[in-house]
Structure formats: C-alpha cells, structure tokens
Amino acid sequence: MIVIDNVHKAFGPKQVLRGVSMLIPEGETTVIIGRSGTGKSVLLKLIVGLLEPDEGTITIDGRRVDLMSESERYQMRRRFGYVFQGAALFDSMTVADNLVLGLYEHGERNTEVLREEVVRNLVNVGLLPDPRTVSASVFNQAYEILANKKPAELSGGMRKRVGVARALVGSPEYIFYDEPTTGLDPITSEQIDDLVAALTHKLDVTSVVITHDIFSVYKVAHTVIMLDEGLIRFRGTPLELRSSHDPVVHEFLERYAHSHAEVP
Amino acid sequence: MIGEDRTTSSDDGEEGGLLNATFGALGRVLMGFFAEFGRIVLLLRSVIRYIPTAIRSRRLVLEQMYMIGVGSLPLVLLIGSFTGAIAALQATNLFAKFNLLALARPFVGGSIATVVFTELSPVLTALVIAGRVGGSIAAQIGTMKVSEQIDALEMMAVHPSRYLAMPRVMAALVMMPMLIVFSDLVALLGAFLLVILKFTFQPADYWDSIRRFFSVYEIVVGMLKSATFGGVTALIGCYVGFNTEGGAEGVGNSTVRSFTLSSAAILVLDALFGYVL
C-alpha cells in the first residue's frame, strides 16, 4: 500500500504541493484530477522517487521512499509500470526493443523469453490478436510488422498502447498512467479507458490515473481525488464527485461538460 | 558642511553598494561554477562505477565507438591534412623570411611533426569532436530528457549513467587516440605535399628530418591528451544533456552549451598538459 503523508514540493518560488496526504488502496483504480499545474504528475514522480519531496514522507509497503538507497529504489521501481504522457518511447528502437529493454538490461538474453513477453503484452493491449483466435502465419505476420516498427511509424493511439504494453512488462503490481488519453480522439480515448479498466481487473494491479478527462473518471475510477492549489480538494467515489456541491469541483465538472458540449 | 558630509556619506554608501553588488555577483558566478563542476565530477564518479559493466553492455559501447570514431573519421582526415599543410606553410614561411630556409631544411619535417603530434592534432581534432560529437550527445540525451525517455529508463530500473553516459565516455576515450593516429598521418602527408610542391624540398630531406627528430613520447603525449579531451567532451555532453530543460529550445541551447563548455575545458586541460608534461 502507498501512503502519502503531508508532502510538499516546490520548484523555485512555485509551491506545487502544499501538504498532500492520501492512501492509495490496493487492487483499485485511483484517479487524480485537477487543473494543469496542480501537481498531479509531480505527485506520481514523487511516489516512484523520480523527484524528492521537500517535506513529508511517502511509504510503499511500510518502507519510506526517501530513505531507500539507490539500488533499493531501482528494485522498488521494478514493481511499477509507468505510462508517460507522451508515451516516452525510445525513438531509435523498434516496438519490440522498447518493450524488453528493461528485461534485456537486467540480464535476460533468451530471445524466446523476450519474444514471449513482447507477444503477451502486445496482445494484452489489443495491438495483436489473441494467438489462439488466428492462424500462426497470420499472427506471425502481424507480429513481425508491428514489432519491427519504430515509434515514429505509429499513430498516437498505438503509441499510447505500446506505452501501456511496456509498462506491463515484468508484471508490475502498480501501474501509473500520466494522462493516458490526452491528445487522442474521443473514440481512441474511450478504447484506452476500456483498456485501463480491463487491465486493472484482469491483471489485479493497483492503478493510479492522472487525467483531465471526466469521461475517463467515470469509466475507470474506484476513487477520485481532486487536487487544487497544491492540496486535496475532493476525495470520494465518481458518484460522490458528480453530486458534489463544492464550488471548485462543480466549476471543474461544469467547465469540462461545457467545453465538450461546444464540440460540434 | 552638513550638506557636504551628507554627500560624501551618500557617495560612500553608493560605492559600498556597488562593491557589494560586484562581489556578490562574482561570488554567485564562482559558486555556480563550483556547483556545476561538482555535479560533473559526480557524473564522472557514476560513469567510473559502471565501467566494469562495459563488457556486458558492449553492444552500446560499440555503437558509440562507431558513431564517434568511424562517423568522425572523414572530418578528422580533412582537418588533419589542412592542419599539417598550414603548419608546414607557417614554419617554412618563417624560415624563408629570415633567409634560413636552406639551413632549416633538415629540421622542418621534425619540427612540424613535433607540433602536429603534441599540439595541433590533439587540440584541433578535440575541438572538432566537441562540435560534432559533444553537441550530438547533448542533443540526443537532451531530447530524451525533455520527452521523459530518461524517466522511462529510470522506471525500468536502468541507470541512465550506465546505459547512456558510460558507453559514450568509454567510446570517446578509446576512439579519440585512434582518430589522432589518422589525423597525425594525414597531417604529415599534407605537410609533405606542401613542402615538396611549394618549397621544392627533396622527399628524403623531409622524411629523414622526421625520422631523426621523431620520438614515441610525443605520440604518446598526443594520444594521452586526445583520450582525455575525448572523455571530457563526452562527459560534458552527457552532463548538459541530462540537465536539459524546456523542449526544443532547451535542446538547442544544450547543444551550444555543450560545445562551449567542452571547448573551454579542452583549452584549459591543454594548458595544464603543457605545464605538467
């Protein structure tokens, strides 16, 4: 379980987090919403030790992240999958290499094992058909085409899916999604939402999703947390969010609904 | 009187303020310099820590060796040949100016070789590499930084110093002395062609002179210098890349910054080598 206690973080004069405390329940999907610049991505990076808090503590299964040695921190990160906002795929590598880089660098050199991991995760995110449902030649052809592509040859939705597939490699216990639907069309966004919801259920992982997309919240969240001005403004279920009378929450939902209603 | 006192006191105050501001600014610059130097040393320590993994990561090291060595060879050959020719031109012109050319013939080849081996070839090649390779390293790693690829590596529990910095620094350390050997050879050839064609030297005079004054020590000094310059250039390129911020503009700035810092470091180190060796 991840416990965040009174975490503060500033970048120069800009105070991003001003004392955030929360629990991330296991086996559920926690969605963090809030306006841009409220510290949502910063919070995720603090949890995995990519950033250091100025004050407060973050504990993962009883162990404080700030007290971990570098090797313990790397060991801890192997329990996490992280889907970056822009997918953060390695430009110079193929899809397959992007997926198994971590395993390869940790000493796994068996090409069969690496291929199996690529196949399993590309199937999981729906980029390859289930090998049991198609002939071997059709599957191998689809695999060869996709696995050898470079990120620049993929569409935005495919890049996100490859990013999710990469996060699933090594069967992590936690998956963090940093704005997984940003920049995608509504249909692809919905597919990614379905994928996030399905993976949490199918793989029994703890997911944390950062999003601006209220539709995503209703689709995937067990718990919703709203950050505002560096503090937690709301915490509850999607149903409680919808019926909240807090003016800030209300304004956020209204603006979102309004901006989407204007779309022709 | 009171008015005069006030004026004097106000002038003193202004002077004191200016002095404080000047020392304050100087102090900040010095602090910034030492802080940056300290961070580069920390990166170097991290790179050294991962050198034992170079065999396991040989694919990465070989890729970088190809990029730094083979990729830079045409440019190094071009610069080397002109360096030799220009050194020969300046030396022979100088001797001719004082009517000493006939007397100096037995020494021209040797003196050109000494200057080329110990100074011109290592420094000029290093400056070219600082532009081509250092800039490219800073841009590559900087782009990875701003697009969160470095964070992605961290999340795979792959240390960026091991995966990105160590192979580049190792490759530069190994390939630079090799490039220098090629640079030295073409520089001697460039100088040879110039003294033969322009100053009608006999080929035997030129090569005999080199043979007589040639010393392995000079070659070793040149290679040692070039390995150091190459390693420092790659290290600075990595450091600047890892500290890139702010999108495409930041990447562009990093490329320039890497070249500027590397060039300054090369010249300072060259002066130190000149003093010590």
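A polar contact is here a pair of N or O atoms within 3.5 Å, where, within protein, one atom must be able to donate a hydrogen and the other to accept it. In this predicted model, 11 residue pairs are in polar contact across the interface of chain B and chain A, both residues being at pLDDT 80 or more. On the side of chain B that touches chain A, the elements giving two or more residues are α1, α2, α5 and α6 of chain B, and α5(B) supplies the largest share, with 6 residues. By class, that side of chain B has 11 nonpolar, 4 polar and 7 charged residues.

The rule also finds 5 salt bridges across the interface of chain B and chain A; one between Glu70(A) and Arg49(B) has its closest N and O atoms 2.9 Å apart. The contact as a whole takes 22 residues from chain B and 25 residues from chain A, and the area buried between the chains is about 2,000 Å², of which carbon and sulfur atoms give 56%. In chain B, Glu148(B), Met155(B) and Met156(B) lose the most area to chain A, together 35% of what that side buries.

Turning to the aromatic rings, the structure holds 11 aromatic pairs over all chains. Phe33(B) and Phe34(B) form an edge-to-face pair, 5.3 Å centre to centre with 70° between the planes, and Phe34(B) counts as exposed because its relative accessibility is 53%. The planes of Phe229(B) and Phe273(B) lie at 80° with the ring centres 6.1 Å apart, so this pair is edge-to-face; the pair links helix α8 and helix α9 of chain B, 44 residues apart, and both Phe229(B) and Phe273(B) are buried. In chain A, ring pairs link Phe80(A), Tyr82(A), Phe84(A), Tyr174(A) and Phe176(A) into a cluster.

Methods
Residues are numbered from 1 along each chain as its sequence is written. Chains are lettered from A and ligands numbered from 1 in the order in which they are written. This is a predicted model: local features need pLDDT of at least 70, side-chain atom pairs count only at pLDDT 80 or more; totals for chains, interfaces and linings use all residues. Side-chain values use heavy atoms; hydrogens and water are left out. Contact means heavy atoms within 4.5 Å. Buried area is the accessible area (1.4 Å probe) that two parts lose on being put together, summed over both. A salt bridge is a side-chain nitrogen of Lys or Arg within 4 Å of a carboxyl oxygen of Asp or Glu. A polar contact is a pair of N or O atoms within 3.5 Å; within protein, one must be able to donate a hydrogen and the other to accept it, and residues adjacent in sequence count only if both atoms are side-chain atoms. Helices (H or I, at least four residues) and strands (E, at least two) are DSSP runs, numbered from the N terminus. Ala, Val, Leu, Ile, Met, Phe, Trp, Tyr, Cys and Pro count as nonpolar, Asp, Glu, Lys and Arg as charged, and the others, Gly among them, as polar. Rings of Phe, Tyr and Trp (its six-membered ring) pair if their centres lie within 6.5 Å; planes under 30 degrees apart count as stacked, over 60 as edge-to-face and the rest as tilted. Buried means under 20% relative accessible area, exposed over 50%, partly exposed in between (1.4 Å probe, protein chains only).
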